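Subject: Structure for your attention

Dear colleague,

Please find the structure below, followed by a short account of what was found in it.

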Amino acid sequence: MSILPDNTAFADFKKQCLSTDNWSNKYDKNGMEVWVENSANKEKNVPKVHKIKCRMTIKDVSAATMYDVLHDGAYRKKWDPAMMDSFDIARLSDNADVGYYSWFCSNPIKNRDVVSLRSWQVMEDEYIIINFSVKHPKYPPRSDLVRAISIITGYFIKPTGPNSCTFIYLSQADPKGSLPKWIVKQASQVLAPRVMKCVHKAGQNYAEWKQQNSPNQKPWLYPEQNTLPMMDPSELSIQRADSLENVDESSKVATQDSEDSS
């Protein structure tokens, strides 16, 4: 069975993006909403999976432009303040690739990274991008970063006019490590809206930037432009959270700080 997502996977993701069943609204301001899934499990040893959904009403950028912003790796370096490193590793098909991303976390939490398979689908009136964590033989977990797990993360973008759209981000992830509750709460109510505002601003500035930076180069729309090496999807396997060591960050904070200062 192929690891690549099929139409059912895209349809299921879209359904989750549009559903409000079992979701609690945690933030609703200026056309931005943040929802958190109600957790049925309160037990201590259950994996800490966080499911969050952000919905933004955009009145001044087209759905097509927002879609380009999410794909354009060169542009991401301009607008994503959390990014440490990001690169595409290989292509798996015309609408799927595998890539690496690492990001800064605020002290005392260790920085994180992820290797994920990304796949996309463009329909007449909607755009979907989904990704999930995979094991890549050449990119094992690093000792200086916590390898996080994306169970399913992605975007659903729907035009509401020629220059407006509904933009939804959904993430079901296990950040690994032992994160205090306040950090999880802060992620949903403070960080998520901040990141969404960054993406919106990136959309507003994209056309001008792209004009100066390979304006006709959009391999996510024109697969023949893609210069990444091809990789057989069967070389990848889904990265499960339980196969990774769980880092207890509460005890590592002191040693990490002393290493940083040496």
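On the surface, V122, L221 and Y222 form a nonpolar patch whose accessible area comes to about 250 Å² together. Areas follow the Shrake-Rupley method with a 1.4 Å probe, and for residues only the protein chains shown count as cover.

This is a predicted model, in which local features need pLDDT of at least 70 and side-chain atom pairs pLDDT 80 or more, while totals for chains, interfaces and linings use all residues. Residues are numbered from 1 along each chain as its sequence is written, and side-chain values use heavy atoms, with hydrogens and water left out.

Y222 lies in the loop between helix 4 (181-212) and strand 11 (237-238); helices (H or I, at least four residues) and strands (E, at least two) are DSSP runs, numbered from the N terminus. Y222 is partly exposed, at a relative accessible area of 39%, where buried means under 20%, exposed over 50%, and partly exposed in between (1.4 Å probe, protein chains only).

I168, by contrast, is buried, with a relative accessible area of 1%. I168 belongs to strand 10 (residues 164-174). Between I168 and M196 there are 9.4 Å in space, C-alpha to C-alpha, and the two are 28 residues apart in sequence.

Methods:
Patches are made of residues with over 30% relative accessible area and no salt bridge: like charges are joined within 9 Å, nonpolar side chains (Val, Leu, Ile, Met, Phe, Trp, Tyr) within 5 Å. A salt bridge is a side-chain nitrogen of Lys or Arg within 4 Å of a carboxyl oxygen of Asp or Glu.
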